[in-house]
Amino acid sequence: MATVTYYFVGNGTGTFIPPSTVSATVAVWGAGQAGNATTGAAGAGAGFSQSTISLTAGTPVSYNLGTPGLVAGAAGGDSWWGSPSTIIANGGGSPTSRIGTTTFAGGVPASNTAGQASNGGGGAG
């Protein structure tokens, strides 16, 4: 059986309609937290979650792709598949708990001086 990979890139909500009934490995990454160039505070990297789930042909599946933090220190948005209680990866700086059979926390922001903010790394291992 051939492997088919779908990528969903951007931010916001959407719906995927599986073309066939399959067991699928779904991986989601949250969006990163914004750093702050004025204070030197860095933003945290986002989390990662992955699980294998069943998809039924023609049955819509909802998803959300988190929006990155857009202003100094703002948390990144959470990303989820199916529902926030099925598979979810926290955004950087978000208190949301990750759900998945495999999860990783986002990278820890580096300490910098004012004007040199950087962000933590991503959560995938």
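Me: What should I know about the model before we start?
Reply: This is a predicted model, where local features need pLDDT of at least 70 and side-chain atom pairs count only at pLDDT 80 or more, while totals for chains, interfaces and linings use all residues. Residues are numbered from 1 along each chain as its sequence is written, and side-chain values use heavy atoms, with hydrogens and water left out.

Me: What makes up the secondary structure of the protein chain?
Reply: The protein chain has 0 helices and 7 strands, and its pattern along the sequence reads β-β-β-β-β-β-β. Helices (H or I, at least four residues) and strands (E, at least two) are DSSP runs, numbered from the N terminus.

Me: Which strand is joined to β3 by 3 bridges?
Reply: That is β7 (residues 102-104), which runs antiparallel to β3. Phe48 stands opposite Phe104 in β7.

Me: Why is Phe16 called buried?
Reply: Buried means under 20% relative accessible area, exposed means over 50%, and partly exposed lies in between (1.4 Å probe, protein chains only). Phe16 has 11% relative accessibility, so Phe16 counts as buried. Trp81, at 6%, is buried as well.

Me: And why is Ile53 buried or exposed?
Reply: Ile53 has 19% relative accessibility, so Ile53 counts as buried. This residue is found in strand β3. Ile53 touches Val22, Ser23, Ala24, Val26, Trp81 and Ile87, leaving aside residues up to four places away in sequence; contact means heavy atoms within 4.5 Å.

Me: What makes Phe8 partly exposed?
Reply: Its relative accessibility is 30%, so Phe8 falls in the partly exposed class. Phe8 lies in the segment before β1 (12-16).

Me: How many aromatic pairs are there, and what makes a pair?
Reply: Rings of Phe, Tyr and Trp (its six-membered ring) pair if their centres lie within 6.5 Å; planes under 30 degrees apart count as stacked, over 60 as edge-to-face and the rest as tilted. By this rule there are 8 aromatic pairs. One of them is Phe16 and Trp81, with 5.9 Å centre to centre and 45° between the planes, a tilted pair. The pair links distant parts of the chain, with Phe16 in strand β1 and Trp81 in strand β5 (residues 79-81), 65 residues apart.

Me: Why is the pair of Tyr63 and Trp81 called stacked?
Reply: The ring centres of Tyr63 and Trp81 are 5.9 Å apart and the planes stand at 10°, so the pair is stacked. Tyr63 is in strand β4 (residues 61-65) and Trp81 is in β5, 18 residues apart. Both residues are buried.

Me: Which residues do ring pairs link into a cluster?
Reply: The cluster holds Tyr6, Phe8, Phe16, Tyr63 and Trp81.

Me: What share of the protein chain is buried?
Reply: Buried residues make up 36% of the 125 residues. Among contacts with a separation of 6 or more, 66% are between residues 24 or more positions apart.

Conventions: Pairing = 2+ DSSP bridges.
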